Amino acid sequence: MITYPSTYGLFDREILAITSMVHYHGGQCYIDGANMNAMVGYTAPGCIGGDVCQINLHKTFSIPHGGGGPGMGPIAVRQHLASFLPDSVFIQNVGGSQPFGQVSQAAYGSASILPVSYLLLWMLGSRGLKTCTEYAILNANYLKRRLDGHCPVLFLGENDFCAHEFIIDLRPFKKTAQIGAEDVAKQLMDYGLHSPTLAFPVAGTLMIEPTES
């Protein structure tokens with residue numbers, strides 16, 4: 001499984017070489033679509049060598065994620081895997097020719113959530129979705145630049161840019177002032193601000209993602 005862009009907030013320039021190597025040795029590439037908000041309109045999981053991808057509807061397509069969700073999203077596959085898509089005991093003509101059974105009681109997902117994403121797609125259109133991708137990357141780099149000199153930023157990409165998110169390292173504060181990432185997160189909430197992702201994927205850090213936070 002590959003998350004692209006990575007959870008470190010980087011576009012890996014070697015992604016096609018990586019997926020090609022997996023295919024050469026007979027493997028399949030599962031693309032984690034959690035960060036589609038940095039891809040829509042510019043590339044797609046299939047373009048970078050993905051065989052399977054779950055497309056998260058939170059962040060990119062506007063459904064709630066925190067507070068219990070529900071998080072959900074479609075699973076997309078390449079044509080050579082389409083025959084194995086699951087079927088339904090309730091709905092006819094759903095799934096592939098060699099389905100492995102039913103995986104969800106609701107064949108089409110959550111009826112309370114999907115209309116939100118449908119309306120977002122309908123209102124924005126292809127140009128609007130592409131603009132959202134541009135703003136996701138622009139906003140992350142704007143905040144990163146504002147924090148330059150105050151907090152070390154981990155895992156910078158080419159020319160010191162990031163993708164849609166970046167990680168600030170608060171471990172030095174813990175050493176010099178006994179202030180940890182948890183303290184900063186709680187202080188932000190005291191001021192009515194949603195805290196960025198805490199201690200993931202690196203302990204003692206905050207992962208700032210404007211599209212989600």
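A salt bridge, as I use the term here, is a side-chain nitrogen of Lys or Arg within 4 Å of a carboxyl oxygen of Asp or Glu. What you see is a predicted model, in which local features need pLDDT of at least 70 and side-chain atom pairs count only at pLDDT 80 or more, while totals for chains, interfaces and linings use all residues. Residues are numbered from 1 along each chain as its sequence is written, and side-chain values use heavy atoms, with hydrogens and water left out.

Let me begin with the domains. The bounds, which come from an automatic or database domain assignment, are 2-114 for domain 1 and 125-208 for domain 2. Their C-alpha centres are 26 Å apart. Taking contact as heavy atoms within 4.5 Å, 16 residues of domain 1 touch 19 residues of domain 2.

How much area do the two domains bury between them? The value is about 1400 Å², with 65% of it on carbon and sulfur atoms; buried area is the accessible area (1.4 Å probe) that two parts lose on being put together, summed over both. Of the area that domain 1 buries against domain 2, 37% comes from Thr7, Tyr8 and Tyr42, more than from any other three residues.

Between the domains the count is 1 salt bridge. Arg13 and Glu158 form a salt bridge, with 3.2 Å between the closest N and O atoms.

Finally, the aromatic rings. Rings of Phe, Tyr and Trp (its six-membered ring) pair if their centres lie within 6.5 Å; planes under 30 degrees apart count as stacked, over 60 as edge-to-face and the rest as tilted. The whole structure has 2 aromatic pairs. Tyr4 and Phe11 make an edge-to-face pair, at 5.8 Å centre to centre and 65 degrees between the planes. The pair of Tyr8 and Phe155 is stacked, because the ring centres are 3.9 Å apart and the planes lie at 15 degrees.
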